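Thanks for making time this morning.

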Amino acid sequence: GPLSERPLMEVRLGELHTWISTCNFSPQGLLGAVQKAWSSYCTKYIHVRRGGPAGISMLLAGYCLLSYGWNYQHLRQHRWRKYH
Amino acid sequence: LRALPPPVAVGVLHTTRPLHSTQQCLAPVPPLPEKGGEVRHGLIPEEFFQFLYPKTGVTGPYMLGTGLLLYLLSKELYVVNHETVAAACILTVIIYGIKKFGPDVAAFADKLNEEKMAAALAMKNEAMQTLQKAIEEEKKEQWRAEGRNYLFDAKRNNIAMLLEANYRERLLMVYNEVKKRLDYQVAMQTLKRQKEQDHMIQWVEKNVVQSITPQQQKESIAKCILDLKALSKSAHAAV
């Protein structure tokens with residue numbers, strides 16, 4: 001299909017630039033993109049008949065990474081060596 | 001049902017827009033997929049491995065992971081502190097718990113799901129059966145309504161009989177009334193004739209009694225006595 005309607009997974013690396021340029025970066029557009037991503041994640045991993053630990057574990061792992069990123073400046077002070 | 005075109009607003013309903021704005025029909029809802037997306041080691045989706053497979057084969061993502069880990073550790077972008085130890089312990093416990101109790105919990109959840117599905121299915125079947133029975137009843141009623149001609153004939157016969165009975169009753173009443181009047185007239189006539197007869201007899205008797213003079217009376221009494229004597233003589237002779 002046309003470039004702007006394809007989901008991100010089906011966009012090839014070379015076309016990534018043009019794909020981003022067709023994105024809608026207004027608040028409504030961003031909100032819509034977030035909602036679409038969340039709903040596609042839910043339909044793929046959570047709203048299934050026999051799910052496993054994968055659905056929530058990915059969310060928790062993402063949360064761990066995000067919180068590590070948010071606290072990085074504080075954690076940097078507990079390094080073992082000064083120069084790497 | 002999805003193949004049907006969307007229905008347009010009917011003239012009876014007061015709608016300003018068509019009732020179904022999309023082609024999609026919301027019922028029946030498609031069933032949930034059986035299994036979710038494939039995830040390896042519980043963390044990384046399978047698509048990532050497939051994405052790297054053509055270029056790096058099977059070990060590519062693992063090499064990438066190892067390289068990333070060593071880079072983070074060596075540059076100390078990931079700092080090893082007490083939280084690392086805590087995370088390691090927690091992860092061990094979690095993985096042990098999942099491996100040990102996972103299947104049991106899954107079976108329990110499946111049982112709950114099965115019960116819900118069975119209840120919903122039972123309701124649906126019951127509703128379908130009720131509707132089927134209603135359809136049969138309706139068809140039976142329609143068949144019964146076809147016999148309405150017999151009903152009307154019977155009713156017509158009833159009414160005709162009622163009318164006939166009423167007519168005959170009135171006829172009888174008329175006959176009785178007329179007979180009563182005629183009897184009255186007849187009784188009047190007989191009474192009159194009787195009265196006339198009686199009166200005439202009385203008058204004749206009175207006149208006859210009046211006409212009997214005393215002379216005639218004596219003569220008749222003497223004659224009677226003579227007759228009696230003669231009779232008594234003949235009676236004595238007979239004995």
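Let me begin with residues 54–72 of chain A, a span whose end C-alpha atoms lie 26 Å apart and which is 95% helix and 0% strand. UniProt, in an unreviewed entry, lists these residues as a "transmembrane region". Please keep in mind throughout that what we are looking at is a predicted model.

Before turning to the contact, a word on confidence. Chain A has a mean pLDDT of 86, with 95% of its residues at 70 or more, while chain B averages 89, with 90% of the residues scoring at least 70. Within chain A, the element with the lowest mean pLDDT is helix H1, residues 16–21, at 82, and the one with the highest is H4(A), at 94. For the model as a whole, the scores are ipTM 0.81 and pTM 0.58.

Now to the interface itself. How much area do chain A and chain B bury between them? The value is about 2100 Å², of which 54% is on carbon and sulfur atoms. On the chain A side, A:Arg49, A:Arg50 and A:His84 supply 31% of the area that chain A buries against chain B, which is more than any other three residues. Counted by residues, the contact takes 19 from chain A and 24 from chain B.

Turning to polar interactions, there are 14 residue pairs in polar contact between chain A and chain B, counting pairs with both residues at pLDDT 80 or more. As for where the chain A side comes from, helix H2 (27–46), helix H3 (54–70) and helix H4 (72–75) of chain A each supply at least two of the residues that touch chain B, and the largest share, five residues, comes from H3(A). By class, that side of chain A has 10 nonpolar, four polar and five charged residues.

Another pairs A:Arg49 with B:Glu34, where the closest N and O atoms are 3.3 Å apart. Here A:Arg49 lies in the loop between H2 and H3 of chain A, and B:Glu34 lies in the segment before strand E1 (39–40) of chain B, so this pair joins two chains.

Technical notes: Residues are numbered from 1 along each chain as its sequence is written. Chains are lettered from A and ligands numbered from 1 in the order in which they are written. This is a predicted model: local features need pLDDT of at least 70, side-chain atom pairs count only at pLDDT 80 or more; totals for chains, interfaces and linings use all residues. Side-chain values use heavy atoms; hydrogens and water are left out. UniProt positions are given in the numbering used here, feature names are shortened, and annotations may be inferred rather than shown by experiment. Helices (H or I, at least four residues) and strands (E, at least two) are DSSP runs, numbered from the N terminus. Contact means heavy atoms within 4.5 Å. Buried area is the accessible area (1.4 Å probe) that two parts lose on being put together, summed over both. A polar contact is a pair of N or O atoms within 3.5 Å; within protein, one must be able to donate a hydrogen and the other to accept it, and residues adjacent in sequence count only if both atoms are side-chain atoms. Ala, Val, Leu, Ile, Met, Phe, Trp, Tyr, Cys and Pro count as nonpolar, Asp, Glu, Lys and Arg as charged, and the others, Gly among them, as polar. pLDDT is the predictor's confidence in each residue, from 0 to 100. A salt bridge is a side-chain nitrogen of Lys or Arg within 4 Å of a carboxyl oxygen of Asp or Glu.
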